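I opened the model and kept notes as I went. Each entry says what I looked up and what I found.

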Amino acid sequence: HAKSAGRSRYAVFGKEMDTMLQARRGIEQDLRAALQADDQLQVHYQPIYSAAGRKITGAEALLRWRHPEKGWIAPDIFIPIAEEAGLIERLGERVLREACTRAMAWPITVAVNVSAIELRNPAYAKRVAKLFFSLGMDARRLELEMTESALTDNSGQCEENVKALREMGIRIAIDDFGTGFSSLSRLQRLDVDRIKIDRSFVKGFGTGNGDEAIVQAIVELARATALKTTAEGVETDAQATCLEEMGCDNLQGYLLSPPRPASEIDDLLGINPSSRSVEDVITTL
Ligand code: C2E
Ligand code: MG
Ligand code: MG
Ligand code: MG
């Protein structure tokens with residue numbers, strides 16, 4: 001009896017696996033099509049604010065995919081599939097190009113997420129340099145975000161890329177800090193500029209599990225090593241006030257702003273192409 005139950009469980013499991021793999025292959029194919037199409041992939045930007053004064057200091061580029069039948073698909077779903085399917089470099093290049101073009105029109109730093117796969121490619125830093133040259137972009141306007149795990153490859157290739165990117169003047173931020181295993185001393189050796197404190201810590205504020213103490217310690221250690229700090233996932237006033245008092249430099253989260261289309265960032269920054277053309281019309285009349 002147990003044996004047959006086991007077998008039927010296995011059959012169900014096998015079927016689920018099959019469905020999952022099929023769904024994955026489907027997404028992979030649709031993603032290839034999306035890269036050819038022009039209207040499915042967009043980049044949204046989430047503003048980042050100074051903790052003291054709450055002024056916009058930057059924006060993070062976040063890729064958005066609107067599937068023709070399934071609607072919006074979350075990056076947490078399609079980015080890992082793109083990485084496995086060998087599509088992440090093309091996606092990454094698209095986002096970087098779009099973000100740099102925006103950065104050149106905005107008076108703020110633009111941050112772009114880089115995948116571990118991209119960083120492992122020996123040609124990555126050179127490709128970024130080429131793009132900057134062709135756009136005439138000032139490297140200091142860009143920040144690249146990478147996770148701790150992206151930096152823990154054995155080949156040392158990621159570190160080579162980071163070094164080359166730093167030499168170009170690009171700033172480096174460690175994303176989702178606290179979820180991996182990197183020490184601040186290693187980050188300092190890599191000459192990283194910023195750590196982004198993972199939103200799971202901010203979420204834990206007020207729950208009595210010690211997350212405030214952890215974040216306070218991270219902020220103080222970061223200060224001592226001249227690293228800037230951004231808190232992710234700030235959703236409440238209480239969290240924002242607490243982070244500001246701790247000495248955290250920047251805040252990002254739904255409380256301040258969700259990710260928005262580029263045109264809305266134009267508006268927030270007071271760069272409105274349509275109102276400018278109206279002004280032009282008025283002055284030439
Ligand atoms: P991330 O880089 O840590 O980006 C922050 C994520 O937190 C974004 O999710 C953002 O929408 C979300 N978020 C912002 N504020 C809040 C908040 O107050 N509460 C909560 N609960 N969430 C908040 P999103 O856009 O779904 O992106 C998820 C992840 O996908 C990103 O995490 C990043 O790792 C990856 N990703 C997105 N775009 C790209 C890209 O162009 N390239 C690469 N390689 N990865 C990307
Ligand atoms: Mg990020
Ligand atoms: Mg993050
Ligand atoms: Mg993340």
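I began with Asn113. Is it buried, exposed or partly exposed? Its relative accessibility is 30%, so I logged Asn113 as partly exposed. This is a predicted model, so I read everything below as prediction.

Next I asked which residues coordinate the magnesium ion (ligand 2). I found Glu60 (OE), Asn113 (OD1), Glu145 (OE) and Asp175 (OD), at 2.0 to 2.2 Å. Along the chain these donors follow the spacing E-x52-N-x31-E-x29-D. The site joins distant parts of the chain: Asn113 sits in strand S4 (residues 109–113) and Asp175 in strand S6 (residues 171–177), 62 residues apart. I then checked the accessibility of Asp175. It is 7%, below the 20% cut-off, so Asp175 counts as buried.

I moved to the magnesium ion (ligand 3). What are its protein donors? They are Asp175 (OD), Asp176 (OD) and Glu232 (OE), lying 1.8 to 2.2 Å from the ion. In sequence I read the spacing of these donor residues as D-D-x55-E. Here too the chain is bridged over a distance: Asp175 is in strand S6, while Glu232 is in the loop between strand S8 (228–231) and helix H10 (237–246), 57 residues away. I noted both Asp175 and Glu232 as buried.

How far apart are the magnesium ion (ligand 2) and the magnesium ion (ligand 3)? I got 3.9 Å, with Asp175 coordinating both.

I placed it in strand S6. Its phi is positive, about 50°, although Asp176 is not a glycine. I marked that because most residues other than glycine have a negative phi. At 26% relative accessibility, Asp176 counts as partly exposed.

Arg54 also has a positive phi, near 50°, and is not a glycine. I located Arg54 in the loop between strand S1 (41–50) and strand S2 (56–67). Its relative accessibility is 31%, so I put Arg54 down as partly exposed.

How many residues does the largest nonpolar core have? I noted 77, and the residues with the most contacts inside the core are Tyr45, Leu144 and Leu243. Helix H3 (residues 88–103) gives the largest share of this core, seven residues. Beyond its neighbours within four places in sequence, Leu243 is in contact with Val202, Phe205, Val215, Ala231, Val234, Cys248 and Leu251.

I listed twelve helices and ten strands. The C-alpha trace spans about 85 × 50 × 40 Å along its principal axes. Of the 285 residues, 43% are buried. Among contacts between residues at least 6 apart in sequence, 67% join residues at least 24 apart.

Last, I checked confidence. The mean pLDDT of the protein chain is 90, with 91% of its residues at 70 or more.

Definitions and conventions. Residues are numbered from 1 along each chain as its sequence is written. Chains are lettered from A and ligands numbered from 1 in the order in which they are written. This is a predicted model: local features need pLDDT of at least 70, side-chain atom pairs count only at pLDDT 80 or more; totals for chains, interfaces and linings use all residues. Side-chain values use heavy atoms; hydrogens and water are left out. pLDDT is the predictor's confidence in each residue, from 0 to 100. A nonpolar core is a set of buried Ala, Val, Leu, Ile, Met, Phe, Trp, Tyr and Cys residues joined through side-chain atoms within 4.5 Å. Buried means under 20% relative accessible area, exposed over 50%, partly exposed in between (1.4 Å probe, protein chains only). Helices (H or I, at least four residues) and strands (E, at least two) are DSSP runs, numbered from the N terminus. Contact means heavy atoms within 4.5 Å. Donors are N, O and S atoms within 2.8 Å of the metal (3.2 Å for Na, K and Ca); water is not among the atoms, so sites may look incomplete.
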